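Please open the structure in the viewer and keep the selection tool at hand.

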Amino acid sequence: MSSQKSRIPATPLRRPASTKSLRTPASPSTTRSPSPTKPSTPTRLRTKSTAKASTPRAAASSPTPAPALPKTNISIREAIALKRAEAKKSQLQRNSADLTDLQDAVPDAVPAEEADLLGRRPIRETIEKSKTTGSLNLCARDPPLQCLPSALFEIILSITPGKISGVDEQALPPSPQKTSHAAPAWYEIQDLTILKAFNNEIVAIQPEISMFGSLKTIDLHNNKLSALPESFPDLANLSVLDLSYNSLTSIPPLLWALPELTYLNLSFNGIEALDFGAAFDGDRVKPSTTPTSDFFAPQIQRSSKPCPRLVTLEVRGNKLTPQSIGERIPTALSKLDLSENPIGEDPSDVKTLLRRLSVLQNLKELRFDKTQITDRSFASDVFQDVASAFSSLQLISLEECKVTVPAIETGLAPLKRDMRFTGPADKLSPDSIRVVVGKKDLREPWEIEAEERFNRTRSPAAAPNTSPPAAPTRAKPVAPKEVVKEAWEIEAEQGLLTEGGRRRARAEAARKAEAELLEKHQNESSSPASPPPQVASLLAAPQYYNASTHTLTLPSSTVTKPIKQHARAFSFAGPSALTGDVDSNLAIPTPTLPLALITVQPFQDTLKVLVCNSRRKDRSIMLPSQGEGPVLPRLTDLEFEGCQLPNDVAVSRVEEGANPASAPTTQTTQPLLPLLTNLFPTLTYLNLAHNMLTSAALTPDVVSALVLAGPSRAGLRQLALRGNRIDGLEGFEALASRFKGNREVEEYKLEELDVRENEIARLPPILGLLPLDVFLVEGNIFRVPQRKVWEREGSRGLLSWLRGRIE
């Protein structure tokens, strides 16, 4: 066979230094002989390869053979590289060729869902996750949803909903392949109770929505809904429904027959009527249980009156008129918002509407903002023949209306309640009504309260002038402005800048104190029936009583350690003569609470704050002769910090006509907390820090009487029990049990509770039900929960942690 020339093109490459590796051996004798220990085996000889004859298959694979190239000797590495280049080039040519056979075509697949900008799961995966959580959130999807996804009904209910005309629902990509253990177990599956799909473009809802009978919360605000399906009211367990910012013009009549609905928001739609009794009039009255044609289908519960549990109804920004609001208004309503509706064009219709609303016994908040109500709607005869009109009303808002304050005072005068036009509504007494008129106040409630408090302190009430009018005289000269001196200037005038001057001042103060004490004892022995005048008026001095804040601060009565005196012979300073006020402090009785002396002061009817800190020399309470009834009618703050008061305190009583500064004749022992509860019913702040109280003093009855409000009690808002000997909170456990099944307890007012630095060994989980703003527990001996729970999340996080441990 004749040899054929090589087809590898010649390239200007470097010849190899040696071609010995490419040459074949000359004869078999040149091969390596086998090992003498092993049998000889034939050796394979290398020979030159010859080109095979061309076949039809080879001709088909290369229709245009390359021209013959002259034979060139190149290395094996270079030949392999050239072959790989040719193979890659032919592969690219085959991929770019047109498809001529269906075998090479790829079917179109559903495009994968784009990644969410907020990092949320895809829609299908979110729906599958809701099977174990019971909550589904499809809000603000991109692209926006036009209807509820069909996958929601297919995955949870295993049904295929009907298509909505005019809605082009996008197909969802299939869920990725998962292993068998990834699917939730049967005991992990929960019924769907919460559905949120707001901030989309939903135009309609499938009628199959009624098959989710366990739904309790539906939030579809800010969509494009124009109507609700007729089966929507079949959701008998629905309690919260938000359909605001849609395009609804009407709602199904049976919606008012939902038995569990408590919150309904239909604001900013196009609703023209609220016919509450449409489902209950005449033959349309529906039974409490509506049967269905299917034997296995659940029966639908309906109420016998319009929404018996509806508390909040918001219909702001619709097309409602007084005539379009039905007469059978839900009786449990606590908040009603009719703002920005065409109400007020006819004053007689507004009067009729107000009379219908006035019979609602639970209504606390009523809003008519940005309506056309005028002064003619608040005539003096609107509520004259209505018994107990607006008995619970606390706020009526008429912002940006054409009504004036005198007209409102005239119209609401038959209610016989105090009307306040400033301040937040939650700070008013039950007999007051907060009325909002004029432009909207953009300030926060705390800003309004701070301004009112500032005005009260800067402008005290003027005392009545009972003196007869004086004859007109010429103007008196203006008194010169008092010069305020610095402390060092006063000390310089008194000669206290030197050490010798200070020693002489202390000696003089000691002599004065000794002389006044001797005079006081002489006066007590001569006339024991009447107290000395300096003692009776002593507490009214500016160093103890602040008239601007109505605060009385008693000096501490602790036993001070003796101070090392000067060694010189001419120093006459005594150990008790350290300040100029020592003589007056000694005149005040030593009991922790000398109530008999405070009740005879001229400010006892206006006193608001009483501070008795560090008065532990005589741990007792001195009561007046009239008994243990309420005293100091306006006292709100009481402090006993650092007094070392025990559970039972000694109580001394001053006989009628006796000197409060002298020793009382009768003395008993009474429990401290019940005594304070009876003496000061108006307290809102009580500080008992750093005393010797134990858990025996905090029984459920004592805590309830101390904290809860009543007919004559305001109710505590702040209670400080820091640094005592409390080892259990059984009294507060009983208080927290009142909130089981109740969101609110009207008598409960407590906002802050401080039990730091006690001996509490366990925090009961039921305390998480207490609606506290501040709950301080550090410094106790319990180990659960850990300190990081309240250090990271504060009091709210601690209460939430406790609620999660309630069995």
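Begin by selecting Asn687, which stands opposite Ala720 in strand E23. The model on display is a predicted one.

Strand E22 covers residues 685–687 and strand E23 covers residues 718–720. The two run parallel and are joined by three bridges.

Although His550 is not a glycine, its phi is positive, at about 55 degrees. Is this residue buried, exposed or partly exposed? His550 has a relative accessible area of 24%, and therefore counts as partly exposed.

A second residue of this kind is Asn199, whose phi is near 60 degrees, a positive value in a residue other than glycine. Select the loop between strand E2 (194–196) and strand E3 (217–219) to find Asn199. Its relative accessibility is 33%, so Asn199 counts as partly exposed.

Now turn to the cis peptide bonds. One joins Val784 and Pro785, with omega about 5 degrees; Pro785 lies in the loop between E25 and helix H16 (787–803). Another joins Asp142 and Pro143, also with omega about 5 degrees. Pro143 is found in the loop between strand E1 (135–137) and helix H4 (150–156).

Select Cys139 and Cys147 next. Cys139 counts as buried because its relative accessibility is 11%, and Cys147 counts as buried because its relative accessibility is 6%. A disulfide is a covalent bond between the sulfur atoms of two cysteines. How many disulfides does the model contain? The count comes to zero.

The next stop is helix H13, residues 672–679, which is mostly covered, with six of its eight residues buried. The buried residues are Leu672, Leu673, Leu675, Leu676, Thr677 and Leu679.

Finally, colour the model by confidence. The protein averages a pLDDT of 77, and 72% of the residues score at least 70. Over residues 10–43 the pLDDT is below 50, and this stretch has 15 contacts beyond near neighbours in sequence. Residues 66–70 also have pLDDT below 50, with nine such contacts in the model. Where pLDDT is low, the predicted coordinates should not be read in detail.

Key
Residues are numbered from 1 along each chain as its sequence is written. This is a predicted model: local features need pLDDT of at least 70, side-chain atom pairs count only at pLDDT 80 or more; totals for chains, interfaces and linings use all residues. Side-chain values use heavy atoms; hydrogens and water are left out. Buried means under 20% relative accessible area, exposed over 50%, partly exposed in between (1.4 Å probe, protein chains only). Helices (H or I, at least four residues) and strands (E, at least two) are DSSP runs, numbered from the N terminus. pLDDT is the predictor's confidence in each residue, from 0 to 100. Contact means heavy atoms within 4.5 Å. A disulfide is a pair of cysteine sulfur atoms within 2.5 Å. Two strands pair if DSSP finds at least two bridges between them.
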